[in-house]
Structures are given as structure tokens and as C-alpha cells.
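Biologist: I am new to this structure, and I would like to learn how to read its features one by one. Could we look at it together?

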Amino acid sequence: MTENTRKIGNTLLRVDDITLSFGGVHALNGVSFEIKEHEILAIIGPNGAGKSSMLNVINGFYHPQKGTIAFEGRERKRMRPHVAAEQGIARTFQNIALFKGMSTLDNIMTGRMLKMKRSFLWQALYWGPALKEEIENREFCEKVIDFLEIQAIRKTPVGKLPYGLQKRVELGRALAAEPRLLLLDEPMAGMNVEEKEDMCRFILDVNDEFGTTIALIEHDMGVVMDISDRVVVLDYGRKIADGSPDAVRANGEVIDAYLGVSHE
Amino acid sequence: MKLKTLILAGIAGATGLSAVAASPALAQGDQFFPMLVYRTGPYAPSGIPVANGFRDYYTLINNRDGGINGVKISFEECETEYNTKLGVECYEKLKNNGSTGASLFNPYSTGITYQLIPKAAVDEVPILSMGYGRTAAADGRVFEWVFNFPTTYWSQASAFINYVAQQEGGFEKLKGMKIAHVHHNSAYGKEANPTLEALAKKFGYKLTLLAVDHPGQEQKATWLQIRRLKPDWVFMSGWGVMNQVAIKEAASINFKMDNFVGNWWSGSDADVIPAGKGAVGYKSATFHGPGAAWQVHKDIVKHVYGGDESKAKANNVGEVLYNRAVVNAMFGVEAIRTAQGKFGNKAMTGKQVRWGLENLNITEARLKDLGMEGFTRAVKVSCIDHETGGPIVIQQWDGAKWSIVSDWIPTLRDVVRPMVETAAANYAAENKITPRTCN
Amino acid sequence: MLYDVLIAPFLDMADSPVFFAEVVIVGLLTGVMYSLVALGFVLIFKASGVFNFAQGVMVLFAALTLVGLMEHGVPTWLALILTVVIMVVLAYGIEWFMLRRLVNQEGIILFMATIGLSFVLQGLGETMWGSNVKALDIGIPDASFEVSGILLNEFDLFAAASGAVLVAVLAVFFHYTRIGRALRAVADDHQAALSVGIPLKTIWVIVWAVAGMVGLVAGIMWGAKSGVQFSLSLIALKALPVLILGGFTSVPGAIVGGLIIGVGEKVAEIYWGPLFGGAIENWFAYVLALVFLLFRPQGLFGERIIERV
Amino acid sequence: MFYREAGQFKTSYAADQTVFPIVQDRWGVAAMVAIAFVGVPLVASEYMLQAVLIPFLIFALAAIGLNLLTGYCGQVSLGTGGFMMVGGYMTYKLTTTFPDVNILIVFVFAGLCAALVGFVFGLPSLRIKGFYLAVATLAAQFFLGWTFNKVGWFYNYNPSGTITAPPRELFGITITGPTASAEVRYLVVLCIVAVFAMMAKNLVRGRVGRSWMAIRDMDIAAEIIGIQPIRTKLMAFTISSFYCGVAGAMMVFLWLGSAETEAFDINQSFLVLFMVIIGGLGSILGSFLGAAFVIITPIILTNAPPMFGIDLPIDLQKHIEIMLFGSLIVFFLIVEPHGLARLWQIAKEKLRLWPFPY
């Protein structure tokens with residue numbers, strides 16, 4: 001599984017010297033790293049290390065006070081999150097952020113939002129180009145549904161689904177967008193072993209089949225070490241390590257951080 | 001239509017609602033009066049005495065005279081809450097009731113009147129909007145089915161100016177005088193504005209228009225403006241809670257009540273009682289007498305309440321709006337009597353009632369017969385003139401009762417009538433109506 | 001035109017400062033009257049998260065009950081006590097028939113339920129006491145007097161004073177009594193309050209009863225001006241801008257909001273109203289509140305809305 | 001027993017995405033449409049048409065409009081009456097200015113005016129949420145009411161300030177004004193409502209609807225997957241107001257015949273919100289059910305006592321009616337907060353299994 005057969009490409013996203021603070025608290029402090037094309041990057045760290053904040057910065061939900069972010073070599077300034085989505089960054093959330101009132105299929109279809117261009121007038125007629133577009137995207141979503149093995153719950157409102165399946169639907173929604181970069185915030189939190197194995201398989205398959213670049217936050221070290229190509233470790237908003245799983249595992253500062261050695 | 005009736009009969013009872021609509025459960029041969037009333041809702045304090053007045057007068061005619069020339073009156077109330085939409089429902093529900101359909105509608109709401117005006121001609125049901133509704137309907141050539149005698153808002157406004165002139169000692173004294181019009185910010189409240197403006201031009205007084213938004217519970221700003229402006233006279237077109245608050249506020253800025261005159265919808269008992277002693281001296285226009293001392297009231301107490309004075313009082317007998325409804329009901333009944341004079345003593349159809357209204361001629365002698373001598377004035381309607389531009393009279397509240405404090409004040413027809421004709425012509429043009437000729 | 005809108009009104013104010021002062025004072029006094037109504041909304045929203053649209057009808061119902069009792073010859077003091085008792089019974093009924101059956105529903109559902117409730121109360125009140133307007137006179141003086149050119153009315157001052165007293169009493173009640181502290185706990189977090197053993201249902205009954213009593217005070221003050229009649233329930237519409245301006249959850253917000261709205265609408269009506277043909281104060285209050293909201297979406301004193309993923 | 005979908009297989013996504021995927025439903029709907037278009041005009045009395053069916057349909061359209069905004073996009077609005085007012089007054093202004101333009105086209109333009117106004121009053125929704133927004137939309141209600149009352153241009157400066165529907169023809173048949181028969185007006189209303197309801201259904205099952213629901217369910221997540229809240233919310237306000245505007249136009253021209261601003265007062269806004277909530281937030285069918293409930297219940301309650309020979313004083317009867325109506329609302333909210341549409345759905349589910357529930 002860990003055998004790396006994929007071709008790791010050039011830098012897809014570079015974050016440089018990011019500092020983010022809320023009031024006086026520094027959530028991120030001068031963090032820099034790169035995400036390369038086609039790789040699986042894990043961001044780890046103890047609670048409160050600034051991992052989720054980092055993802056929020058990457059997809060434009062938080063605006064750092066300092067530092068730059070460059071996607072595909074183009075630097076970006078303040079922007080709304082939907083711009084990140086338009087550039088091809090999709091994500092899942094730590095606390096599931098599905099649209100609870102909608103069915104599984106509709107949730108996944110929302111992932112296709114940016115691929116659908118017909119104006120609302122065509123939509124109101126539901127005919128001709130609009131219908132064609134709807135069917136084409138439905139076909140794509142059905143592929144995603146097949147891929148994630150959730151055919152049976154296609155028309156079930158997601159609010160009624162168990163936790164594990166909701167996580168899977170959320171992944172489906174992100175995949176439906178055909179992202180260049182997929183951000184996964186604790187995709188396996190709260191899952192049992194079998195569910196975790198399924199999820200790992202999906203992540204690797206996505207990476208394998210579609211070549212999607214993935215950045216994920218995860219607490220389960222076993223999973224992290226198994227599936228990721230590279231690991232970035234954050235602690236108290238600073239980056240303390242960056243390298244292959246084995247290198248990180250051996251890093252003394254990382255061990256200290258996890259064991260809770262004091263920072264003075 | 002035949003097919004429809006057949007099918008209707010076929011499925012009658014299948015659906016509850018159409019059954020309701022199709023079953024006017026009334027005796028044959030009666031003269032049916034529909035009553036759009038508002039005994040609940042924000043305007044109930046005005047609606048209750050009006051509804052009671054109509055009811056009592058119809059009952060009086062049945063109990064005392066055995067109906068109109070022997071034709072019994074039947075009537076049915078339908079609650080509108082002064083709401084236009086419910087008014088439409090009530091109209092549809094009642095218009096075909098009775099042996100000959102509805103005789104005439106007294107909508108008692110500006111909004112509902114506007115609704116019904118176009119329908120009246122089509123359904124052939126006349127409308128008598130006595131002292132409210134569309135003033136332009138005074139032109140009988142355009143508004144064949146609508147009547148608004150004895151007088152209208154525009155005539156009333158002109159009579160108010162006439163009254164001010166009388167009080168001040170002549171029209172020439174109006175020059176430079178300040179008059180304010182405090183009005184409900186609605187179609188109804190604005191009615192008097194064009195007349196007051198036209199007269200301001202003619203007589204040279206300075207007119208200030210102060211609108212009060214519905215419902216009018218809070219009028220401090222309006223009365224502050226009056227306090228600063230210090231107008232010589234204030235005329236008010238208020239409705240509902242606006243009246244009570246305005247009177248209270250006028251008292252609290254120490255405005256001279258003698259110079260504060262409401263129109264006839266701003267001068268009922270319900271309007272002044274809540275204001276307490278602050279209302280003493282407040283005046284209002286009207287076109288009938290106040291109180292229960294008239295012969296017709298004695299008859300009502302005797303024939304409707306079996307002599308029970310306190311019960312009569314509890315039912316608003318003698319209150320301003322009650323009396324107005326009595327006058328209104330009398331006009332309707334007399335119109336039917338007039339129509340019967342031509343078409344025979346039986347229940348009249350809407351079309352015949354319309355003829356009766358248009359040829360109505362209530363003389364002072366007739367009023368005496370009806371027990372209403374001095375209570376209201378003689379009226380003679382004609383094809384061209386559905387209003388008659390009758391005079392108004394000013395009443396004043398003394399803290400316990402209303403009493404008449406002026407002579408009958410003529411309206412300024414030379415100013416009002418041309419305005420009516422212009423407005424009616426515009427309406428006719430817009431709605432593709434060809435005015436009939438009246439010869 | 002621009003001159004008329006932007007400059008002339010200010011010249012007008014400067015021209016007669018005494019009158020301007022009177023406008024402001026009247027605005028403040030009116031604002032307190034609005035606050036009286038808004039307070040009822042705030043209390044209930046704070047403790048149960050319900051936007052109680054029936055508050056206006058509760059004002060009417062309380063006033064109707066009071067006047068109805070007095071018309072039947074009950075002395076004023078007894079009528080007041082009986083009305084308070086009836087409002088408590090009403091609160092209990094509302095809790096039993098409605099609130100406990102709608103626990104954990106969305107805000108809008110609860111909002112709609114209170115509109116349903118307002119129909120019931122309106123029908124009930126009018127069935128019991130009739131639809132006619134009733135004069136309400138419990139002996140509050142209402143003579144006007146002039147202080148250095150400014151005309152004041154005893155009744156308005158009395159109303160403002162009772163508003164102030166009411167707020168003070170509520171503040172004491174919230175801060176220094178056991179029930180008050182429980183109320184605040186409930187307002188902060190229903191679940192947490194429940195878990196430390198605060199009886200939520202009792203709290204709701206208390207809050208609705210208190211809101212009913214606040215409604216009674218508002219009903220007396222407004223009813224004395226206009227007579228007690230159906231329209232009394234419509235003053236709720238004048239309280240809503242106060243509510244959003246001050247924030248749904250803040251008692252001081254209701255007061256400050258009321259004062260701002262009161263002064264704002266009076267000044268606007270008197271100095272700018274004539275330019276636009278008058279009667280602008282109703283919508284102006286809403287627009288004023290709206291403008292404030294654009295800068296503070298949770299109202300002046302409302303709890304800050306924090307968004308997170 | 002007869003209501004089964006077993007054996008009905010879909011062979012294409014298009015078939016799976018139709019509004020009524022079950023054959024029996026399609027027959028049911030076809031029957032309903034036939035009754036509505038042919039049966040009702042033949043049978044219904046004028047009272048039935050004028051007092052029940054026409055208002056029901058018009059309010060259903062307004063409810064659909066508000067449901068798009070509140071039910072689908074999650075933005076509570078109390079400005080519905082105001083937007084309907086724009087539709088009504090603009091239709092009057094346009095048709096009196098251009099008497100030769102087809103009245104249906106005028107309706108659409110009046111709707112567009114309402115849409116524009118809705119857009120403007122939707123702008124605060126970008127910052128204000130929930131009940132704060134709901135109350136803020138009242139600003140639209142009061143401001144528009146004041147405007148149409150005050151600015152004479154809208155009602156051609158006629159001294160009373162009310163608008164009256166002049167007679168207008170369609171294919172040589174008078175459809176507005178006093179001479180238009182109730183049957184004709186009913187059919188016109190029915191056609192308009194049917195077309196717009198279908199379009200609304202199409203909107204909500206496609207991309208636009210999904211973007212609205214995404215904003216409603218979780219606006220932050222929606223933004224992160226690429227839905228622009230600004231555009232989406234404003235589109236909801238605009239389209240919703242368009243629907244309300246057309247409903248308002250029909251109200252004046254095909255139902256009431258004349259109106260003043262009071263006809264569109266705040267109670268109207270509440271009434272439509274009721275319909276949406278009682279019927280079911282986020283359901284087009286629910287809008288119809290809600291409108292039916294709110295329009296027809298009071299009429300039944302008014303007509304019931306005399307039907308059973310109970311003779312109550314009219315005011316008491318009204319009070320009882322109000323109390324019953326209020327209690328019914330509370331009752332329905334307690335029993336099924338998701339509205340009549342959900343009850344209908346549950347009934348259908350049951351029927352699907354009947355008579356073998358396991």
C-alpha cells in the first residue's frame with residue numbers, strides 16, 4: 001500500500017510565512033510549506049496546533065494577517081472561499097457540513113455547481129440545454145456514487161444517515177467537483193476500524209485513479225503513516241517538522257510535542 | 001348557465017361548500033337586505049353601532065309596519081372585519097340571496113366600496129355608499145349603479161370651509177388664515193385634500209396637510225407640528241383609533257377644541273369617550289341629529305326593544321353612528337317604496353331598486369311621517385346627481401353627549417361639482433365607460 | 001431639492017432650539033413607551049428563544065381584562081391583582097398547551113405558533129369583553145404644563161417614570177434573585193441549564209407571566225391614550241424596530257433602542273416629513289433600525305454572532 | 001394495493017428525474033388538471049370561484065414565491081405584501097399607459113418591477129440573518145405601502161388613490177375588469193399559476209434550487225464548495241419577488257378588481273408566510289396545500305354553523321372562528337412542524353405499503 005507508484009509532480013500550492021491571529025491569540029505563526037501535485041500530504045499536530053485553521057486559510061475562509069499563498073504559481077490575496085472552489089480546491093469538514101435537508105444525490109450534485117452554466121431561465125424550463133446539462137452531471141455524480149459504493153442511499157435525506165456514511169457523502173460532494181486539490185479535515189474521526197479502512201481505500205483510490213492531490217488532517221498516526229507521502233507537523237501554530245513519514249516519526253521535536261514537553 | 005345549474009344540482013351535497021353557496025335559505029317574497037358589518041377587528045367600535053342601527057330599523061319596519069307596503073324585510077349579516085377581501089367574499093355570498101337577490105349594498109368601507117363599484121353594474125345590484133366611497137360617483141351619468149347622497153367628502157370639506165367663514169365673519173376673513181387638515185394616510189383620508197386645496201386657492205387661506213399613518217396610535221409628531229404651526233382651525237379626517245388619540249393629543253397641547261372639527265367619521269361616541277374630559281368642546285360634522293330623543297328612536301325602543309330603554313342603550317340606540325345607520329337604512333327602505341310605486345307592491349329586484357334610488361324624493365313632510373323631522377334633511381336624487389350635495393351640520397361634545405351647535409351649512413357646489421365631473425370623466429375614459437345621457 | 005433635504009432642516013432646528021428640544025424630549029418620552037412594549041418581546045426571547053409575536057395581543061388582552069373587570073364594578077386595585085393572576089394562569093396555559101409541545105423546534109415554527117396564539121388570545125379577549133372601545137382611566141393625571149417654553153404632559157412623564165421603574169425592577173429581578181439567575185442561565189444555554197437542575201418549564205411559565213405583566217403596564221399606558229380596543233395590539237409593530245435595533249436579547253437594548261427610535265422618528269417626521277408629504281415615521285423607524293443593523297447585524301446590544309466551520 | 005411502484009423501472013436518468021416518477025401519480029395529476037381546467041368551470045358557482053378558488057390560486061402563487069425564498073433559500077421575509085403591491089400597482093400603471101399591450105405581458109413586466117424591488121430589499125440579507133432580517137424586511141412593507149399611497153404617479157393622480165382594473169382582452173375575450181366572467185378569470189389565473197408552479201418546480205429541482213438549499217442548510221459550507229451567497233440570495237429574493245409581483249397583479253386584475261394599499265398590508269405578508277409554513281417549507285405542493293388551508297378554513301368555519309342550523313351572533317361566531325383558526329395553526333405545528341406536505345408524503349408512503357405494511 002505504501003509503495004509509491006504515482007508520479008509526484010511540481011508544486012501545486014505554496015504557503016509562505018502565514019500568520020493568523022484571533023485577537024491576541026496566534027493560531028498560525030509564520031508557517032510555510034508546499035503541496036506537490038499528485039501527492040498525499042498529511043498535516044498533523046496536537047489539538048489546537050492550528051491544523052484546521054491552516055485548511056481554512058488555504059480555502060479562503062480565514063484571511064491571514066501576514067504571508068502569501070500561491071496556487072499553481074499564482075499568488076493570491078484576500079478572497080472569498082468560492083474563488084478557491086473555482087480554482088479547484090475542494091474540502092470536507094471536521095464536523096460534517098452536509099446540507100441536511102437534501103438527499104445524498106442532491107448533496108453530491110451541489111459539488112457540480114461550478115460545472116453547470118445554464119442560466120436560471122433555461123432551468124425554469126428544464127428542457128433542452130438545461131436538461132442535457134442536468135443529465136450529464138447526474139451521470140458524473142452516479143460515477144462518484146458507484147465509486148463510493150453509496151448507491152442504496154441515493155435518495156435518502158442525508159440528515160437520516162449514520163455518521164460514517166455522512167462522511168462518505170461529504171467526500172463524494174468534494175469529489176464531484178473534480179478538484180485539483182482536495183482538503184480533508186479529519187476524514188476518519190469517530191469511525192470504527194472497518195469504516196476507517198474503507199475510507200483509506202477511497203482516499204488512495206482517488207489519488208490513484210484521478211491523480212487528485214490530497215491534503216489531509218488526521219489524528220490516527222497509523223493511518224497517517226500508511227497513506228501519506230509526506231507529513232507536515234504543526235504545534236502551537238508553528239511548523240516543527242516536514243518530511244517523509246519515517247523522517248517525521250524519528251523527529252525528536254515531534255515526539256516532544258505529542259508527549260507534551262513544555263515549550264520554554 | 002342552464003347546463004351549469006343542472007350539473008350543480010347533480011352534485012349538490014357532494015361538496016359541502018358549493019352546497020352552502022347554492023342554498024339561500026330564505027323565505028319567498030321577502031325584500032332582502034345584505035349587511036356587510038364589522039363587529040370585530042380594529043374598527044369594531046365604529047362597526048357595532050352601525051350594524052345595530054341597520055338591524056333595528058329593518059326590524060322596526062317589519063314590527064311596526066309589517067314590512068314595506070306589506071313586503072317583509074329579510075336581512076343577513078356578514079362579517080367583513082373592515083377587510084376588503086372578506087368584503088368580496090361576503091358580497092358574493094349575499095348578492096343572490098332572498099327572493100329577488102340583494103336589494104342594495106351598503107358597504108360601509110371605502111375599500112369594499114371601490115371593489116363593488118365596477119361589479120355593481122354587471123351584477124345589477126345598486127350601491128348606496130352614504131357619505132363615503134368614491135366621491136366621483138356623484139356623477140350619475142358615469143356611475144349609474146352607485147349612489148352617495150346626501151353628501152360627500154368633497155362637499156363636506158367645502159361646507160367645513162363655509163362653516164369656518166361663518167364663524168370668522170365672512171369668506172374674506174379666510175385670507176391669510178392657517179388651516180390644517182389632519183388625515184388618515186389612506187385613500188379615504190386623502191379624499192378631502194383636493195377640495196381643501198382648491199378652496200385654499202380661491203379664498204387664500206394657508207392649508208397644511210398632515211398625514212397620520214395607519215393605525216395612528218402614535219401622533220406626537222403630528223401634534224408637535226400643529227403646536228408649532230398654531231393653525232386657526234384644524235379639520236380632521238380620521239378613522240378608528242386615530243380619532244381617539246388625536247383628540248387626546250389635541251387636548252394635551254391645549255389646542256382650542258372649539259376650532260377642532262372632525263369629519264363625520266371622526267365624530268362618534270366611541271371617538272370621544274376614551275379621551276375623557278379632554279374631548280369636551282370637540283366638534284364634528286354630521287348630516288343627522290344626535291341622541292335618542294327623536295320620534296323614530298321612540299318607535300324603535302317601543303317596537304324593537306319592547307320599551308326596554310336600558311337594553312336599547314346597550315345596543316347603541318341614539319349614538320352618532322347608530323343614528324347614521326338608521327338614516328341609511330331609511331334611505332334604502334324609502335327607495336324600495338319609491339320603486340314599488342312604479343313596479344307594484346312586491347319584492348323589488350336590484351334593477352328596480354336602482355330606479356327607486358334614482359327617483360328618490362324624500363320631502364320634509366315624508367320625514368315627519370317617518371318620525372325623522374329635523375333628524376335629517378330632505379333629499380331629492382336625480383339621474384345626473386347621485387349626491388344632491390346636501391348640507392351638513394356641526395355637532396359638539398360636551399363630555400356626556402353630542403349636541404347640534406350650528407345651522408345646516410350649505411356646501412359649495414359651484415366648486416365641488418366641476419371637480420366631481422372631471423374625476424368621473426377620467427374614470428370613464430380609463431375604464432372605457434360611455435356616460436349615459438340624462439334627460 | 002438637495003438644499004431642502006440636507007441643509008434646510010438643520011437651519012430649522014438651529015432656528016428654534018427650544019422647539020427642537022421639545023421634539024427631542026417628546027421623542028424620548030415616546031421611545032420609553034415603545035420600550036415598554038419591546039421589553040415583553042425581549043424577556044421571552046431571552047429565556048425561551050421564542051420571537052413572541054403574540055406580545056401585542058397580550059398587551060391588548062391584559063388591558064381588556066383590566067378594563068373589563070373595572071367595568072363590572074371591580075375596584076381598580078382588585079382588578080389589577082386579578083389581571084395579574086389571569087396573566088399568570090395564561091402563561092401556565094401557554095406553556096402547557098403550546099411550549100412544551102414545541103420544544104426543540106426551529107425558531108420560525110415557534111414564531112408561527114405565537115401568531116396562532118395571538119389569534120386565540122384576540123378571539124378570547126373579544127369574546128370575554130366585547131369588541132367595543134373602552135375608556136381606561138385609573139386616575140393618572142394628564143394635565144400639560146410648560147417649562148421654559150417646552151410643553152410637557154404629566155401623563156407622558158408618569159409613563160416614562162413607570163417604564164424606568166419597570167426596567168429597574170427587572171434588572172434587580174434578573175441579577176439579585178434566584179429565579180433571575182436561573183433565567184439568565186436558561187438564556188445562555190437551555191441544555192446546560194437543564195443539566196444543572198433548573199426546571200425549564202417553570203422558568204418558561206415565570207417568563208411568560210412576567211412578560212404578561214409587562215404587557216399589562218404597556219396596555220395601561222397605551223390604553224389610556226387610545227382607549228382599550230383591538231388596535232392596541234398593533235403597537236407591536238412599533239416595537240419591532242426597537243427590538244432589532246436594541247437586539248432581541250438585551251433589556252438595556254430595548255430601552256436604548258426605544259429612545260433612539262423615538263427621537264429618530266420624531267425628528268425625521270417633523271423636519272423631513274413635510275418634504276416627502278408626511279407620515280414617514282412608520283417606515284423611517286424600520287429604515288433607521290435597518291441602517292444600524294447593517295453595521296451591527298445582531299443589534300446594538302445583541303449577542304455577537306460568531307461563525308465557524 | 002393499487003398504489004405501487006414495483007415493476008416500474010427507469011431506464012434513463014431523465015426518466016428518474018421527472019417530477020412524478022410514479023405512474024399512478026402521473027394519472028392522479030392528469031385527473032386533477034382535467035378537473036381543474038374542465039370540471040371546475042362547468043360546475044363551480046360564482047361564489048365558489050370568486051371567493052374560494054381564485055384567491056386560493058393567487059395566494060398559492062404568492063406562497064410559491066415566498067417558499068422559494070424562505071423554504072428553499074432560508075431567508076425569512078415579511079415583505080411579501082409589499083412585493084405584491086408593486087406587482088398590482090405597476091400593472092395598473094403600465095396597462096393604463098400602454099393600453100394596447102397584451103395584459104399578460106404587462107403582468108410579466110409588473111413582475112419584473114417587483115423583482116427589481118425585491119432585489120434592492122434583498123441587499124441587507126447579505127449581512128443580516130434570521131429574525132433580524134425578517135423584521136428588517138418589514139421596512140420594505142412599510143416603505144412600499146407609504147410610497148404607493150403617496151406618489152400620485154402610480155395611480156395616475158386620481159383623487160382617491162385607488163387603482164381599478166380596466167377591461168382588457170385576450171383573444172377577443174375580456175379577462176379583466178368588471179365584465180370579465182368569473183369562469184374566464186379563473187381559467188386565466190389557473191393557467192398562469194400552473195405555468196409558474198411548473199417553472200418553480202423546475203427551478204428547485206435543478207442547479208438553482210440546490211444552490212438555494214445549500215445556502216439554507218449551511219451557508220458557510222455552501223460558499224466553500226463554490227456557491228456565492230450574494231448572488232444566490234439575491235437571486236432568490238429577485239425570483240421570489242417576481243412571483244409575488246405576478247400574484248399581486250392577478251390579485252388586483254383577476255380577483256378584486258380594484259385595490260388600495262391597505263389590500264396589501266402587513267397581514268397579507270403574515271398570511272402568505274402562514275401558508276408556506278403550514279403547507280411545508282421547501283415544498284411546491286406544500287404552497288398549494290398551505291394556501292388551501294389558510295383560504296378555505298375560515299370560509300368553512302364561517303359557513304359551518306348556519307349549515308348545522310346553529311344561529312350564533314355574528315361577532316361571537318367570528319371570534320370562535322378566529323380562535324379555532326389560531327388553535328388549528330398551533331395544532332398543526334405541534335403535530336407536524338414540517339407542514340401539510342410532509343403529512344401528504346407520509347400518507348403516500350403508507351398507501352404504498354397498504355394493505356401489507358410489512
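Biologist: How do the axes of helix 9 of chain B and helix 3 of chain C cross, and within what distance do they come?

Modeller: This is a predicted model, in which local features need pLDDT of at least 70, side-chain atom pairs count only at pLDDT 80 or more, and totals for chains, interfaces and linings use all residues. Residues are numbered from 1 along each chain as its sequence is written, while chains are lettered from A and ligands numbered from 1 in the order in which they are written. Axes are lines fitted to C-alpha atoms, for helices over the stretch in contact, with angles from 0 to 180 degrees between N-to-C directions. Here helix 9 (residues 220-229) of chain B and helix 3 (residues 17-48) of chain C have axes that come within 11 Å and cross at roughly 160°. That makes the two helices roughly antiparallel, a term for angles over 145 degrees.

Biologist: How many residues of chain B count as buried?

Modeller: A residue is buried if 20 or more other C-beta atoms, placed from the backbone, lie within 10 Å of its own. In chain B, 64% of the 439 residues count as buried, and the C-alpha atoms fill a box of roughly 70 × 55 × 45 Å, taken along the principal axes.

Biologist: How many residues does each chain give to the contact of chain D with chain B?

Modeller: Chain D gives 36 residues and chain B gives 38 residues.

Terms used. Contact = placed C-beta atoms within 7 Å. Buried ≥ 20, exposed ≤ 12 C-beta atoms within 10 Å, placed from the backbone. Helix = DSSP H or I, 4+ residues; strand = E, 2+ residues; numbered from the N terminus. Parallel < 35°, antiparallel > 145°, perpendicular 65-115°, else oblique.
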